[in-house]
Amino acid sequence: MASADRSADASAETQVRPGRENGRQAAAQRAGRASGAAGADEVGALEPVQKLVPTPPAVLTSHVGGGVGHGTTRRGGPARLGDVWDVEQAQEIARDLVASIEPRWSHLQAVGRLAEELAARKGIPEHVVAAAWLHDIGYGERINARGFHPLDGAVYLRSVGAPADVVALVAWHTGARYEAAQRGLLRDLEQMPHPAGEDLDAVTMVDLAISPTGEPMLDVDRIGEILTRYEEDDAVYQAVKASTPHLLRSSSRAKGRLGLPQDWPICG
């Protein structure tokens, strides 16, 4: 949830080695789609705060093949985050940054696992599952430079070379633009790539389907729960109150596309 819970790319230029051109071109195509496909309800280049940006987990700079941290890359040579990206890497980043923060970590794990379940049952894309695991990493103490977790998480991910579609989903997830406006950070947020509307709906849906402590919850009840925890003059309260119709429409659209009942995840 965009700053709804108190506690959950400009990547370094590297020399393109021979044999990696196809991968680079595919990544560029994904970035182009992500940048130009924002949903109708949604409103790239901040530099990360260097002293707060941690070194990426060791798994991301190891050799990858048949699982994170094992073997070699498909084309040989050491793997960068931008070369090989999968859900397991997203889990490692989330664990590295958030595992010590409860109940944030319980919420984040439950959202990620729910997205994995929907990928198996309904075929939601892998980058949406990755974003579900990563959506609240901006709460991590080492990267929480601005006190606005969607933007802090997105800036960090871009700094370590995450794909633009994942960066976009983390930046704009679950009504982030409303809170950015409250905090005077909308211009900064707009420097991030914009996500595809259907993907953003899916991330919003799974985020609102999980309570702060990791239990299934109706989206309307989740929003109500958030509003009970903040004073009316708080930026979070104001943002959630203003975004409630948008958030519920977004969640409902995703359920409709996936053939889920409107009272999912309690039923269905």
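This is a predicted model: local features need pLDDT of at least 70, side-chain atom pairs count only at pLDDT 80 or more; totals for chains, interfaces and linings use all residues.
Author: Residues are numbered from 1 along each chain as its sequence is written, and side-chain values use heavy atoms, with hydrogens and water left out.

Reader: What makes up the secondary structure of the protein?

Author: It comes to 12 helices and 0 strands. Helices are DSSP runs of H or I with at least four residues, strands are runs of E with at least two, and numbering starts at the N terminus.

Reader: Why is aspartate 86 called buried?

Author: Its relative accessibility is 18%. Buried means under 20% relative accessible area, exposed over 50%, and partly exposed in between (1.4 Å probe, protein chains only). Aspartate 86 therefore counts as buried. This residue sits in the loop between α2 (58-61) and α3 (87-98). A polar atom of its side chain is 3.2 Å from the backbone nitrogen of glutamate 88.

Reader: What makes arginine 183 and glutamate 179 a salt bridge?

Author: Their side chains meet at 2.6 Å, N to O.

Reader: How are the two placed in helix α8?

Author: They are 4 residues apart in α8 (residues 176-183), so about one helical turn separates them. Glutamate 179 is buried, at 1%. Arginine 183 is partly exposed, at 36%.

Reader: What about arginine 121 and glutamate 117?

Author: They form a salt bridge at 3.2 Å, N to O. Both lie in helix α4 (residues 104-122), 4 residues apart. Arginine 121, at 42%, is partly exposed. Glutamate 117, at 39%, is partly exposed.

Reader: How do you know that glutamate 198 forms a salt bridge with arginine 257?

Author: The closest N and O atoms are 3.8 Å apart. Glutamate 198 lies in α10 and arginine 257 in α12 (residues 235-258), so the pair ties together parts 59 residues apart in sequence. Salt bridges with shared partners join Glu198, Asp201, Arg253 and Arg257 into one network. Glutamate 198 is exposed, at 52%, and arginine 257 is partly exposed, at 41%.

Reader: Which side chain of opposite charge is nearest to aspartate 207?

Author: Arginine 222, 4.0 Å away. Aspartate 207 is buried and has no salt bridge. The side chains of aspartate 207 and histidine 135 are joined by a polar contact of 3.3 Å.

Conventions:
A polar contact is a pair of N or O atoms within 3.5 Å; within protein, one must be able to donate a hydrogen and the other to accept it, and residues adjacent in sequence count only if both atoms are side-chain atoms. Lys and Arg count as positive and Asp and Glu as negative; His and the chain ends are not counted.
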